[in-house]
Amino acid sequence: MQLPRLVKWSILLVTPGVLLGGCPGSDLGTEPALPPVVAGTTATNPIPVGDVATAPIPVGTSAAPRRVTGSVGPLGDYLLYDLGTARGGERWLVRPQSGSASLAFLVVLLDENFELLYREIVSPGTPLEHVARFDTGTLYLGVASPYTSRGGEFALDILRQPGVDIPAPRPQIVYLNFAGGSNVKVHRKDATSFTPFDGAMLGSAYAGATDLIKSEIYTAMQEDYTGYHVIFVTSDDGPPPAGPHSTLHFGGSDPRLLGLADNVDQYNAELQQNAIIYVKSFEDFSVMRLTEIEMARMVANVASHEIGHLLGLFHTQVPADLMDTTGSAWDLAGTQEFSQAALEASVFPVGFANNPRRLEETVGRQPVDPAAKAKVIAKAQRFKELRKLVAEELRCRCGTCLDLDE
């Protein structure tokens, strides 16, 4: 997540490229409309809409692959192909035609509701490979240019293999490290070291509130993942777990980032990864005069966002969603949750993320404690008036779309 910039009393949230890229936002609470699937543009969706094949493309077996060809331009141009019905337990493979030019293309699979199933930058050495978790009446293949490319012609072979075991969800343990770190490396950033977390790192107003803020961050993250099989443990309780776990570090600063994760790990392929929250970068929010609880919520929203990436979630553009890239800093300090939301344009120019379903498929469900659920509802009510203030008085939302695949 990239560091927000404060301009007078209007707050511009500039969000991360690898982790949170942003575009101009819509009014608070606006529901995304289903994307049109015909050529042309509409008043509600100014993004040029790609072509959709008028009839399903026969998809071959490994012995007889089928091929789609076409051409896409840069920045928002795309094509959609109707691949027909797909069944749970089918393995889908999309790869460049043998001997084709060594260009890379952004390729996605979308279900009948245009919800993202898988995303890959496909090149001669990197195919898209996905095992369908459920049946869908229509499977769409989407092709676009990565943001680093001007586009061009493509030829893709599509294969499917039935009768494959559907991967089981993989529960995740997350270690919240407030105890400092040495030579911590996340993504492609240089290794960094930092001292133990202290509330004063967030601004002088929060000196002396260290324990309260840590407790609220932990509680808020637990609430964000209520009902999903994600287990949080903190450094205040002892050393890291002995078994596979991901670590979320709290410390350090970055001139433009609030947080960073190793990657977007689709379907939680790797149980042991790193993410970091640059707590000193939150000092820039001091002009907002947030309470200790509100500041903790802001940090927790960023933290849940970064863990979302490690569980395979991509950027969206609905301010109330935890994976959003378009809201203001006030949205970031308010109540956010995982929801169905429109994809951010750098993920794919059209489509949705169904984050609750993806988490269920990735880590699995676990029983919800009624008391914990009631607490989530009460906290959402607490922030209702703040969000109303945002909608009425702070309408300026702006961001910068950076390259997700840099």
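**Note on salt bridges and sheets in a predicted model**

1. In this predicted model, the side chains of R357 and E361 meet in a salt bridge, with 3.8 Å from N to O; the term stands for a side-chain nitrogen of Lys or Arg within 4 Å of a carboxyl oxygen of Asp or Glu. R357 and E361 are four residues apart in helix α4, and therefore about one helical turn separates them. Helices here are DSSP runs of H or I with at least four residues, strands are DSSP runs of E with at least two, and both are numbered from the N terminus. E361 counts as buried because its relative accessibility is 15%, whereas R357, at 24%, counts as partly exposed; buried means under 20% relative accessible area, exposed means over 50%, and partly exposed lies in between, with a 1.4 Å probe and protein chains only.

2. On the basis of the model, residues are numbered from 1 along each chain as its sequence is written, and side-chain values use heavy atoms, with hydrogens and water left out. Local features need pLDDT of at least 70 and side-chain atom pairs count only at pLDDT 80 or more, while totals for chains, interfaces and linings use all residues.

3. R357 also meets the side chain of E115 in a salt bridge, at 2.9 Å from N to O. E115 lies in the loop between β6 (105-110) and β7 (116-122), while R357 belongs to helix α4 (residues 355-363), so this pair ties together parts that are 242 residues apart in sequence. E115 is buried, its relative accessible area being 5%. Through salt bridges that share partners, D111, E115, R357, R358 and E361 are joined into one network.

4. The structure holds 13 salt bridges, and one of them links D157 with R67, whose closest N and O atoms are 2.6 Å apart. This pair connects distant parts of the chain, since D157 sits in strand β10 (residues 152-161) and R67 in strand β3 (residues 66-72), 90 residues apart. D157 counts as buried at 6% relative accessibility, whereas R67 counts as partly exposed at 45%.

5. The strands β6 and β7 also belong to an open sheet of four strands in the order β4-β9-β6-β7, with antiparallel pairing; two strands are taken to pair if DSSP finds at least two bridges between them. The edges are held by β4 (78-82) and β7, each with a single partner strand, so one side of each is left without a neighbour in the sheet. Neighbouring strands of this sheet are turned by 20° against each other on average, direction ignored. Between β4 and β9 (residues 140-144), which run antiparallel, there are five bridges, and L79 stands opposite V143 in β9.

6. A further open sheet has five strands in the order β14-β11-β15-β17-β16, and its pairing is mixed. Its edge strands are β14 (230-234) and β16 (259-261), each of which has a single partner strand, so one side of each lacks a neighbour in the sheet. From one strand to the next, the twist averages 15°. Strand β11 (residues 172-177) pairs with β14 in the parallel sense over five bridges, with Q172 opposite V230 in β14.

7. Helix α2 (residues 292-310) packs on this five-stranded sheet, touching β11, β15 (246-250), β16 and β17 (274-277), and its direction makes about 160° with that of β17. Contact means heavy atoms within 4.5 Å, and axes are lines fitted to C-alpha atoms, for helices over the stretch in contact, with angles running from 0 to 180 degrees between N-to-C directions.
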